[in-house]
Amino acid sequence: MNDETKKKINERYERELNRGERFWPDSIFKDLVVSLGIFIFLILLATFIGVAPEPKADPADTSYLPRPEWYFLFLFKFLALYGQIPVIGKIEWLATVVIPGVGIAILTLLPLLDKSPYRHYSRRIFALTVMGTVVLDIILLTIMASLPVAPNAAELAASTTLQAIGGLLIPFGVLALLVAIYLFRRNMYYQSTRWNLPIWITVIGSLAMVAMTVDVSARASFYPQPGEAEVATTLVDQIFAGQDLYSIHCVECHGDDGKVEKIEGVEGLEGKVISPINGHDVLYTLNDAALAEVIAYGRPDAGMNPFGKAYNPEGLSKSDIDHIVTFMRYMWDDRFEIPAEALKPLFPPLAEGEVPSYDVHIAPIVKRYCVSCHRAGKENNNYLMTSYEEILTTGDNKDHNLIPGDENGYLLQVIQGHAIPDPKDPSKEMIRTMPPNRALKPNVIDVFVRWIMNGMPRTAEDAAKLFVAPTTEPVTTPTP
Amino acid sequence: MWKKVFDWLDERLGLNDVYKNLLDRPEPKGNWWNTLGSASLFLFILQGATGIFLTVYYTPSPDHAYDSVQYIMEGVSFGWLIRGIHHWGASLMVLIVFIHMLRVFVTASYKYPREMTWLIGIGLLLTTIGMGFTGYLLPWNQRAYWATTVGTQIAGSVPFMGEFILKALRGGPDLSALTLQRFFAAHIWLIPAALAGLMGVHLYLIIRHGESHFPSKED
């Protein structure tokens with residue numbers, strides 16, 4: 001750039017300054033308005049959306065699908081699509097180092113590469129079309145990366161192909177064309193904007209990219225949405241979560257009050273003598289971290305199985321184990337005081353004539369007392385109880401377990417202390433009384449009886465329809 | 001009385017000169033897009049302030065990081081607000097710095113005499129992204145842990161030096177207490193120091209050359 005151009009630019013700037021404004025108060029006023037707006041916006045975001053809770057990091061949980069922060073998603077998607085390209089897709093560092101490196105280098109050295117003194121957009125078509133294509137691609141790749149994953153292989157292949165065309169092929173083609181025109185037919189960039197070929201290439205390419213993304217998004221709207229993981233954040237929720245997990249994983253051996261000293265009725269550990277886990281011996285000598293380690297890694301010499309994910313991909317996560325420890329502390333450690341809310345009953349007490357529902361009453365009871373054994377992988381006559389459908393339709397005796405309106409269904413019989421004899425050999429029991437080692441409290445049995453006798457409603461609304469208010473005798477006031 | 005106090009201070013601090021040179025500068029006709037730079041500065045200060053509050057309760061160790069963040073969210077009064085602002089402010093800062101860069105690109109403000117301002121600006125964009133990357137690990141939750149595992153793996157794919165970069169970032173072959181400590185140090189000392197230094201130069205250059213005017217057909 002020669003001195004004459006520099007002088008011209010400086011003179012031009014002087015003229016702009018003369019018909020401009022003052023930094024104080026004109027410009028700074030706008031700055032302050034925007035900053036204040038941002039501040040209010042952030043407070044609203046923090047208050048009404050907040051920060052989504054996430055479970056604790058668990059290095060053993062290799063099944064977790066990693067997702068970067070949203071502003072890296074485009075790179076993530078770019079790498080994933082790039083990896084699908086035959087041959088060069090295998091050369092990882094081309095995509096992870098060379099391409100981003102070249103991009104950043106061009107961006108950094110831009111003032112040295114772009115030596116033209118012109119600033120108006122009509123003389124910068126090349127720079128603007130290239131940047132426009134790149135930015136649009138960044139936005140579209142971010143959108144693609146935030147879509148749910150396709151449910152099956154065929155759909156995945158179709159979706160990936162469309163994404164590769166829209167997010168990789170077309171933008172690459174457009175950029176290649178723009179650069180080629182710039183190198184070999186540069187005067188095309190200086191033609192009138194209406195008949196400017198590079199602009200048309202960019203516009204048509206962009207429309208095609210957007211169309212592909214819309215198509216991919218439309219397909220993805222039919223995919224199953226990934227479920228949001230529930231994370232217990234408050235102490236009371238953590239105690240409840242720990243209690244539920246304890247009832248599923250620990251009750252079999254340790255009993256629901258942690259008092260058990262000799263294991264009964266558990267395959268492989270029958271008769272094993274263990275120390276009670278609800279007393280000072282355990283709770284005073286082990287801190288939270290040590291307790292969590294015992295649960296995660298087990299105590300092979302003492303019969304305690306490992307429950308962490310390091311041993312079993314289906315095992316408990318770090319957060320799960322922490323919740324169990326929290327539950328044990330607040331329930332049994334006399335140095336801790338359990339919050340009153342955490343002592344609320346398992347299910348709301350029933351009024352006279354009220355019909356319980358699965359959602360409100362049965363689900364928490366089943367989770368506490370039954371699921372420990374009645375889930376996949378346990379010996380339970382194939383009777384699973386983890387959902388409403390399973391309770392009604394699984395098991396070797398599924399036609400006899402729950403019979404609406406019939407007190408003689410197997411479930412009602414066994415929870416009331418009547419074992420079911422084997423039809424082939426009446427001296428043997430086909431189904432033991434349930435739960436095996438202790439009887440349910442009468443109010444819990446009452447819930448089951450009322451539920452089954454009234455047709456096993458699922459939701460609270462269904463149950464409310466069955467509610468029959470007890471008819472009270474009309475009160476006759478004695479006449480004087 | 002106030003005049004006397006002001007005159008006394010002015011004699012020693014040169015308040016009038018500061019006003020003349022910093023505040024009472026002529027500028028080309030303003031444009032709302034030109035507020036993005038100062039918005040980035042505001043967000044940097046806000047992130048600094050909320051970040052300092054967070055370090056009061058945060059513990060950078062794998063055993064306590066997650067629980068200390070939980071405590072900030074549940075136990076500390078208005079902890080949720082401070083962390084919420086810091087969390088969303090980080091996203092917004094990356095977004096605004098990026099749009100600021102695009103604005104400068106579109107109006108070609110990086111040209112003579114503002115080439116150095118652009119160069120420093122790219123440094124600011126990269127350090128801001130570095131802040132986002134290092135800060136993401138600190139809550140030590142599943143998302144953070146696995147995103148950083150993959151992120152450092154990508155950095156480790158550099159030919160020849162990959163192994164070294166990976167180990168330098170993680171403080172060993174795997175993510176560990178050292179990684180968290182390292183990322184924490186980078187997040188609260190190293191990168192902010194670099195960011196503040198670059199920002200000082202960036203601001204000096206802006207005052208030196210003035211804000212660029214919006215280009216018209218003449219330019």
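A residue is buried if 20 or more other C-beta atoms lie within 10 Å of its own, exposed if 12 or fewer, and partly exposed in between, with C-beta atoms placed from the backbone. Before you click, note that this is a predicted model, where local features need pLDDT of at least 70, side-chain atom pairs count only at pLDDT 80 or more, and totals for chains, interfaces and linings use all residues. Residues are numbered from 1 along each chain as its sequence is written, while chains are lettered from A and ligands numbered from 1 in the order in which they are written.

**Stop one: helix H3 of chain A.** Select residues 73-82 of chain A, which form helix H3. (Helices are DSSP runs of H or I with at least four residues, strands are runs of E with at least two, and both are numbered from the N terminus.) Which residues of this helix are buried? They are A:Phe74, A:Leu75, A:Phe76, A:Lys77, A:Phe78 and A:Leu81.

**Stop two: all of chain A.** Zoom out to find 19 helices and three strands. Of the 480 residues here, 25% count as buried. The C-alpha trace spans about 110 × 80 × 50 Å along its principal axes.

**Stop three: where chain A touches chain B.** Show both chains: 57 residues of chain A are in contact with 67 residues of chain B, contact meaning that the C-beta atoms, placed from the backbone, lie within 7 Å. Which helix of chain A gives the largest share of its side? That's H2(A), with 13 residues.

Select helix H2 (residues 23-49) of chain A and helix H3 (residues 36-57) of chain B. They pack at an angle of about 45°, with their axes 9 Å apart. Axes are lines fitted to C-alpha atoms, for helices over the stretch in contact, and angles run from 0 to 180 degrees between N-to-C directions. H2(A) and H3(B) are therefore oblique to each other; angles under 35 degrees count as roughly parallel, over 145 as roughly antiparallel, 65 to 115 as roughly perpendicular and the rest as oblique.

Finally, show the side chains of A:Asp31, A:Val34, A:Ser35 and A:Ile38, which meet B:Ser38, B:Ala39, B:Phe42 and B:Leu43.

Technical notes: Two residues are in contact if their C-beta atoms, placed from the backbone, lie within 7 Å.
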